Amino acid sequence: MKAISRRSFTKQLTKGAGAAALTSHIPLACAMKSSTQKKKLGVALVGLGSYSTYQLAPALEDTEHCYLAGIVTGTPEKESVWARKYNIPAENIFNYSNFDGIKDNKDIDIVYVVLPNSMHAEFSIRAARAGKHVICEKPMAMNVAECDEIIKACEAAGVKLGMGYRLHSEPYTQEVKRFVREKTFGEILYVSADAAYRSTSNPGQWRLNRKLSGGGALVNMGVYAIQSAIYATGQNPVSVSAQEFSTRPEYFKDTDETITAQFEFPSGAVANIMTSHNVRANRLFATCTNGWFELDPASTYIPLAGRTSGGPLDFKQESQQKLQMDDFAQHILLDTPNVAPGEMGKRDMIIVEAIYASIAKNGIKQHLDFKTNYGFGN
Ligand code: NAD
């Protein structure tokens, strides 16, 4: 942990308590507890690819409750570049082999795993065993069994586990959750959620290599569409049917290109999702008994936008990654709710596996039965 100046601490308290009182997922008791908070938590990024370089590291310069304390990289040339740029001391720089030594490093409280999907479980588990809190990027792992291993390791070590699901800390998404909770537009009847982009470059990239990615569009962008369908209905699905489409098999040799899936929810609401590495789409639309709401885009970094049958939505644009990492740091420091816990990542992987199972059986409906431990509907 790092001590922060009295001035920035006062600023942090003012902002923190105000924000906490206004934010539905942070109870007032927690806001009051923030008066005892004096430290920023140190974060180590594992994997210094594009997401760490262009989103997470810059966001960590603006976070109020955590800061970039260390790096873990398999590319030696990046060490001095990052050390200079972010003033990282040599003892806070690790590689994949000496990573376990992080357990003796007092500056690093949180390990943030930002590696190809096949490496999420290994590094999340090693981080937990080193006694560090863990943020794991999406998708949580290659399969449900690996998700269980990560959750088990974090529980055994007594450390917190959060997913890199930045949208749960973002105001447009929080507004959607409020519409559902307060039935602003009545009961939700139907949700359409698309999360897709067109991939044309470097067919050798790890995202198109099943051994490294665990799947194609579904595990990459599809996770956003699954999440949208769930928070726009406030429920976990009870069934899923799915279809796969392939139009560029010469490019998508190893992973899925386009998938559609339909969910049924306990209330009777239904959802259709589309995810693709071949078309561009980024939208959430819900029609309800007394109106409708829409986010478009719904899951890009910034800026999101939205409108409803009652008028446009307009929220302050802030780095989603900053908000997300501050939420997780406050969960550790103040025991505020974990807005994107590991169980949520596991739930989504259960749904991913059910979608692949439905496709393998020519679209036959797969039944889902989420018990209370995965019940993070909203
Ligand atoms: P990237 O390809 O830009 O970076 C991957 C990093 O892993 C690189 O530093 C690379 O050197 C390292 N690496 C180690 N072993 C590797 C191997 N065998 N093959 C390829 N790279 C290897 O990827 P990225 O876009 O930074 O994505 C990293 C993770 O972050 C993924 O799990 C991805 O799903 C997730 N991500 C999340 C978001 C979000 O909005 N939450 C956005 C982008 C990426």
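Ala, Val, Leu, Ile, Met, Phe, Trp, Tyr, Cys and Pro are classed here as nonpolar, Asp, Glu, Lys and Arg as charged, and the others, Gly among them, as polar. The model is predicted: local features need pLDDT of at least 70 and side-chain atom pairs count only at pLDDT 80 or more, while totals for chains, interfaces and linings use all residues. Residues are numbered from 1 along each chain as its sequence is written, and side-chain values use heavy atoms, with hydrogens and water left out.

View A. The whole structure holds three cavities of 30 Å³ or more (a cavity is a set of points on a 1 Å grid over the protein atoms alone where a 1.4 Å probe fits but cannot get out; lining residues have an atom within 4 Å of a point). The largest cavity has a space of about 80 Å³ (the volume filled by probe spheres set on the points, which are joined across faces, edges and corners). Its lining comprises Gly-162, Met-163, Tyr-165, Ser-169, Gln-324, Asp-327, Phe-328, Pro-337, Asn-338, Val-339 and Ala-340. Two elements, β7 (161–163) and α10 (320–334), each give two or more residues to this lining (helices, H or I of at least four residues, and strands, E of at least two, are DSSP runs numbered from the N terminus). The most comes from α10, with three residues. By class, six lining residues are nonpolar, four are polar and one is charged.

**View B. The largest nonpolar core and Ile-102.** This core has 81 residues, and those with the most contacts inside it are Ile-102, Ile-226, Phe-263, Ile-273, Phe-293 and Ile-355 (a nonpolar core is a set of buried Ala, Val, Leu, Ile, Met, Phe, Trp, Tyr and Cys residues joined through side-chain atoms within 4.5 Å; buried means under 20% relative accessible area, exposed over 50%, and partly exposed in between, with a 1.4 Å probe and protein chains only). Helix α9 (residues 217–231) gives the most to the core, with 10 residues. The core lies between domain 1 (35–166) and domain 2 (171–316 + 342–374), because both give residues to it (domain bounds come from an automatic or database domain assignment). Beyond its neighbours within four places in sequence, Ile-102 is in contact with Ala-44, Val-72, Phe-94, Ile-108, Val-111, Ala-130 and Lys-132 (contact means heavy atoms within 4.5 Å). Another core, of 25 residues, lies apart from the largest one and includes Tyr-51, Leu-68, Ala-83 and Ala-329.

**View C. Helix α5 and its covering elements.** Eight of the 10 residues of helix α5 (residues 120–129) are buried. The buried residues are His-120, Ala-121, Phe-123, Ser-124, Ile-125, Arg-126, Ala-127 and Ala-128. Among the elements that cover them are β2 (39–46), β5 (110–113), β6 (133–136) and α6 (144–157). Gly-131, with a positive phi near 80°, follows α5.

**View D. Cis peptide bonds in two loops.** Lys-138 and Pro-139 are joined by a cis peptide bond with omega of about -15°, and Pro-139 is placed in the loop between β6 and α6. Asp-296 and Pro-297 are likewise joined by a cis peptide bond, with omega of about 5°. Pro-297 sits in the loop between β13 (291–295) and β14 (306–308).

View E. Most residues other than glycine have a negative phi. Asn-87 is not a glycine, yet its phi is positive, about 55°. Asn-87 lies in the loop between α4 (76–86) and β4 (93–94) and is exposed, at 67% relative accessibility. Asn-362 also has a positive phi, near 55°; its loop runs between α11 (342–360) and β16 (366–367). With a relative accessible area of 75%, Asn-362 is exposed.

Conventions: 1 Å grid on protein atoms, 1.4 Å probe; cavity = no way out; pocket = protein on both sides within 12 Å on 5 of 7 lines; lining within 4 Å.
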